[in-house]
Amino acid sequence: MRYTEAPERRAHLQRAVAADGYLSSADAAERLGVSEMTVRRDFRTLEEQGVVRRVAGGATAPGGSSFERRDAVGAAEKRAIAERAAREVAGAATVAIDAGTTTQAVAPLLRDRTIVTHSLPVIEAITRIGSPGLVAAGGHYQPDTRSFAGPLAEETLRSIRCDVALLSATALDDEGLWGTNVLDAAIKRVLAAQSTRVILLADAGKLGRVAPVRIAGLHLIDVLITDRRADAGLLARLEAAGIDVKLAG
């Protein structure tokens with residue numbers, strides 16, 4: 001996709017940031033067929049207009065990412081991924097659920113096991129369905145992810161062993177998992193370390209992208225559940241790296 005006219009290009013950038021909550025300069029440049037310098041200039045102009053906020057490596061929606069906005073993007077694919085994830089964790093007694101719009105969709109499907117989480121939407125979902133067990137980690141509340149993080153949350157999570165962790169990420173490429181929030185990235189690493197098996201839930205729109213905060217290398221993941229729109233070449237490389245790739249839908 002190539003936009004040579006600046007107004008059309010900036011309109012596309014604004015829509016992309018609004019839809020995903022975050023867009024990296026490198027990813028935008030590749031999508032639009034322009035240089036990263038051009039994208040950075042566009043982001044600067046859009047920031048002056050008050051429609052995006054520039055951050056390291058890209059731009060976010062003004063005031064940060066909107067959890068609700070992200071939740072509405074790719075809803076059908078997320079539901080399919082959540083259903084596949086629920087089948088994948090069958091037999092696990094204790095499941096850790098990360099903060100994310102895809103991971104939260106799994107919570108209502110897990111009625112008969114103990115859930116460990118720092119995600120407020122997951123906590124709310126589990127209390128509504130009356131799951132037999134819930135371990136909730138509190139700490140510093142982050143509105144952009146609707147979750148708790150920081151030393152208090154990490155200390156709670158380090159005291160629990162889980163059979164499986166369901167993680168989310170802003171982006172996944174050949175080098176590993178990426179996010180936009182340092183505190184959230186630290187929580188993901190703790191959940192992975194405390195779990196026997198780690199499953200990443202990521203729709204195709206997150207694959208091959210980049211984000212400013214490195215969460216971990218590919219070694220962190222045992223299984224990737226994505227949808228059928230995913231790039232076959234990248235999936236082959238991930239499988240070659242030892243990840244069990246499963247397609248939902």
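Q: Buried means under 20% relative accessible area. In this predicted model, what makes K188 buried?
A: The relative accessible area of K188 is 4%. The cut-off is under 20%. K188 therefore counts as buried.

Q: Where is K188 found, and which residues does K188 touch?
A: K188 is found in helix α8, residues 182-193. Not counting residues up to four places away in sequence, K188 touches D98, A99, L167, S168 and I215. Contact here means heavy atoms within 4.5 Å.

Q: Why is R10 with D42 called a salt bridge?
A: The closest N and O atoms of R10 and D42 are 2.8 Å apart. A salt bridge needs a side-chain nitrogen of Lys or Arg within 4 Å of a carboxyl oxygen of Asp or Glu. The value of 2.8 Å is within that limit, so the pair qualifies.

Q: What does the R10 and D42 pair tie together?
A: R10 lies in helix α1 (residues 6-20) and D42 in helix α3, so the pair ties together parts that are 32 residues apart in sequence. R9 also belongs here: R9, R10 and D42 are linked in a network of salt bridges. In total, the structure holds 14 salt bridges.

Q: How do you know whether R10 and D42 are buried or partly exposed?
A: R10 has a relative accessible area of 24%. D42 stands at 1%. That is under 20%, so D42 counts as buried.

Q: What makes E47 and R54 a salt bridge, and how is each residue classed?
A: The side chains of E47 and R54 meet at 2.8 Å, N to O. The limit is 4 Å, so the pair passes. E47 has a relative accessible area of 27%, so E47 is partly exposed. R54 is at 38% and also counts as partly exposed.

Q: Which class does each partner of the D227 and R229 salt bridge fall into?
A: D227 has 3% relative accessibility and counts as buried. R229 has 52%. Exposed means over 50%, so R229 counts as exposed. Their closest N and O atoms are 2.7 Å apart.

Q: How do you know that the span of α3 is close to the expected one?
A: Helix α3 (residues 36-48) has 13 residues. The expected span is 1.5 Å times one less than the number of residues. That rule gives 18 Å here, and α3 reaches 18 Å from its first C-alpha to its last. Just after α3, G50 takes a positive phi of about 80 degrees.

Q: Which residues of α3 are buried, and what puts them on the same side?
A: T38, V39, D42, F43 and L46 are buried. They cover an arc of only 140 degrees around the axis, which puts them on the same side of α3. The face turned away from that buried side carries the exposed residues M37 and E48.

Q: Why is L23 called buried?
A: L23 has 1% relative accessibility. The cut-off is under 20%, so L23 counts as buried. L23 lies in strand β1, residues 22-24. Leaving aside neighbours within four places in sequence, its contacts include L13, F43 and R209.

Q: What makes β6 and β15 edge strands?
A: The seven-strand open sheet has the order β6-β5-β4-β9-β12-β14-β15, with parallel pairing. β6 (133-136) and β15 (244-248) each have a single partner strand, so one side of each is left without a neighbour in the sheet. Neighbouring strands of this sheet are turned by 20 degrees against each other on average, direction ignored.

Q: How do you know that β5 and β6 pair?
A: Pairing needs at least two bridges. Strand β5 (residues 114-117) and β6 have four bridges, in the parallel sense, so they pair. V116 stands opposite V135 in β6.

Q: What makes β11 and β13 a pair?
A: Three bridges join strand β11 (residues 176-179) to β13. At least two are required, so the strands pair, and they run antiparallel. In β13, the bridge partner of G179 is V213. Both strands belong to an open sheet in the order β10-β11-β13.

Notes
Residues numbered from 1 in each chain as written. Predicted model: local features only at pLDDT ≥ 70, side-chain atom pairs only at ≥ 80, totals over all residues. Heavy atoms only, no water. Helix = DSSP H or I, 4+ residues; strand = E, 2+ residues; numbered from the N terminus. Buried < 20%, exposed > 50% of the residue type's maximum accessible area, 1.4 Å probe, protein only. Arc of directions from axis to C-beta. Axes fitted to C-alpha atoms, helices over the stretch in contact; angles between N-to-C directions.
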